[in-house]
Amino acid sequence: MENQEKKVKKEFDSQPAVISEEKRQKKLKLRKKLKYGSLATTVTVIFVAVVVLVNVVVSLLGNRFPDLVLDLTTSNVYEIGEETLDYIKNLDQDVEIAISVDESNFTTDKYNKMISETIAKYQGYSDHISVTYFDTTKDPDILSKYQQLYPGTIQAGQIIVTNGTRIKVFNCETDMFEVDQQSYQYYQYGMLSFSDCITGFKGEQTLTSAIMNVTDSNPKAVGMIATSNGSVIFAQTQAYANDPNTYAFYAIENLLDENGYDVERLDIITDELDTEKYDILLLPAPANDLTMDSINKLQDFLYNDGNLGKQLIYIADYTQSSTPNLDGFLKEWNIQVDYSAVIDENSGTNQEVNILLSQANNRSFIAPIVTVTDDEDYTGNLSNASLPIVAPMARPIETLNSNNGRVVTPLLTSSDTSYCSPLSPKEYTIDEDTDESITTENAETEPATQAETTETQTTTSFDAASAEHGANTVMAIGKNQQSTGDSLIESNVIVMGSMSMMDINLVQNTAYNNAEYFIGLLNSVCGKEDSIVIASKDLSQTSITATQAQLKMIRTVVVFVIPAVVVVIGIVVAIRRRYR
């Protein structure tokens with residue numbers, strides 16, 4: 001009995017020890033869980049913090065060193081050209097770029113994001129460029145600062161570029177993007193969204209030209225003679241929406257504006273050709289002859305009270321009627337524009353190209369390739385002289401012999417295999433039902449106007465095979481130089497044989513040198529700093545491509561860097577577990 005009691009007592013006394021051991025094991029397991037759980041949590045937190053930090057650092061580095069950011073878009077939308085880089089890296093003036101929209105609202109749209117990313121790159125490449133976002137209603141002081149420099153009204157959704165004294169203001173939609181004009185009309189009526197109209201991004205083109213404009217120490221002003229007594233001065237040969245001369249006029253206007261020229265439209269009859277205000281006048285293929293009063297205004301402008309220093313750009317065209325007054329004016333400059341078209345059908349020597357112009361239905365057109373003069377003063381400073389300059393339907397320009405001291409230099413000439421096909425001057429009659437019609441008793445003083453067009457055909461037969469072949473000038477410059485002591489002053493008349501040479505499809509196409517030559521020549525003649533002709537970025541392509549350098553970098557990161565990091569982490573973990 002006693003032994004039984006001792007046995008029970010012994011078992012009873014041993015129970016607390018068992019319970020204590022179980023508790024200890026549970027505590028050890030709990031402590032282990034807490035230890036490794038805390039470690040996992042800590043590692044997770046650290047990993048997330050590192051990822052965030054890396055993103056912040058990469059973002060800062062991308063802003064500070066834009067070359068580190070890869071652009072994998074098909075058209076390199078976010079890339080900045082070498083010419084732009086050279087210019088902004090050497091910028092020695094402070095420039096402000098302001099966007100009149102709150103930044104958080106502006107960057108929510110993917111197209112606005114293109115603008116903001118491009119502007120950020122400009123800022124990253126130059127310490128002289130600052131960027132500001134502001135709300136026109138919440139930040140009236142900022143708005144007032146810019147408004148004092150701008151004669152118009154600054155509204156929300158605009159981009160402002162200024163150096164503190166000069167200013168350029170652009171709309172985010174039409175000035176930063178190429179749009180399909182027909183689709184844009186539907187957009188204005190609310191039938192399409194703006195994204196449906198976009199065909200290209202011209203942010204670099206707009207921003208670079210604006211910076212060059214506001215920092216230009218020698219700005220030049222161009223008066224574009226657009227109307228005559230309120231009527232369009234150049235011939236509109238088709239429906240307005242498809243008229244090639246209209247497209248060419250807009251292309252020239254935009255090209256000048258985008259390359260740092262201050263452009264203003266003028267009326268040859270009602271406006272003053274102010275020599276104090278304008279350095280250059282542009283006369284785009286008047287449909288009808290100019291009045292003698294208008295001719296005298298051109299002569300006075302070029303004479304400039306004996307100071308000369310002025311430029312006139314006259315563009316002839318096959319769409320013009322007979323212009324005896326204008327022809328007489330050109331004769332005084334030893335220049336004559338023949339009424340024919342330069343043709344070069346010798347495709348075997350690659351002297352012509354098939355191009356697409358803004359004609360009705362966008363039909364293709366055969367145009368001769370022309371050669372730039374070897375005169376070093378008028379080469380246009382082309383960055384790639386191998387690209388062609390074409391002269392569709394250009395009228396040939398002849399040099400007249402005279403002892404008046406004025407010198408004519410051919411600028412662009414066709415090949416020796418070209419010939420001239422005769423044209424007949426167009427006849428423009430006044431439509432009595434249009435508001436553009438005007439009446440006058442004397443035809444000699446009647447300003448240019450047209451409402452409907454009647455094209456007359458060549459009355460004589462022409463055989464191209466027997467035509468005289470030889471080089472023909474399609475662009476020339478007439479110089480009036482005078483010596484004033486140690487200096488030489490000069491006024492010039494530049495004559496171009498065709499409006500189609502500045503067709504919008506040629507000006508915006510970097511496969512041709514038409515636009516770059518025009519701007520380069522004008523810069524040389526005016527003594528203006530060379531501008532940069534930048535092509536728009538095509539947004540119609542959606543596939544992603546990369547350069548060989550970009551592919552090599554991506555391949556290195558994916559094939560070597562990432563696996564190496566994983567291996568190192570694995571080795572560290574294995575060693576820690578072994579010696580734990």
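Modeller: Before we start, a salt bridge here is a side-chain nitrogen of Lys or Arg within 4 Å of a carboxyl oxygen of Asp or Glu. This is a predicted model, where local features need pLDDT of at least 70, side-chain atom pairs count only at pLDDT 80 or more, and totals for chains, interfaces and linings use all residues. Residues are numbered from 1 along each chain as its sequence is written, and side-chain values use heavy atoms, with hydrogens and water left out.

Colleague: Which residue forms a salt bridge with Glu-253?

Modeller: Glu-253 lies in helix 8 (residues 244–258), and its partner is in strand 9 (residues 261–267); helices (H or I, at least four residues) and strands (E, at least two) are DSSP runs, numbered from the N terminus. The two are 12 residues apart in sequence. The closest N and O atoms are 2.8 Å apart, and the partner is Arg-265.

Colleague: Is Glu-253 buried or exposed?

Modeller: Buried means under 20% relative accessible area, exposed over 50%, and partly exposed in between (1.4 Å probe, protein chains only). Arg-265, at 42%, counts as partly exposed. With a relative accessible area of 14%, Glu-253 is buried.

Colleague: How many residues apart are Lys-528 and Asp-216?

Modeller: These two form a salt bridge, with 3.3 Å between the closest N and O atoms. Lys-528 sits in the loop between helix 12 (514–526) and strand 24 (537–538), and Asp-216 in the loop between helix 7 (203–215) and strand 7 (220–228). Both Lys-528 and Asp-216 are buried. The pair links distant parts of the chain, 312 residues apart.
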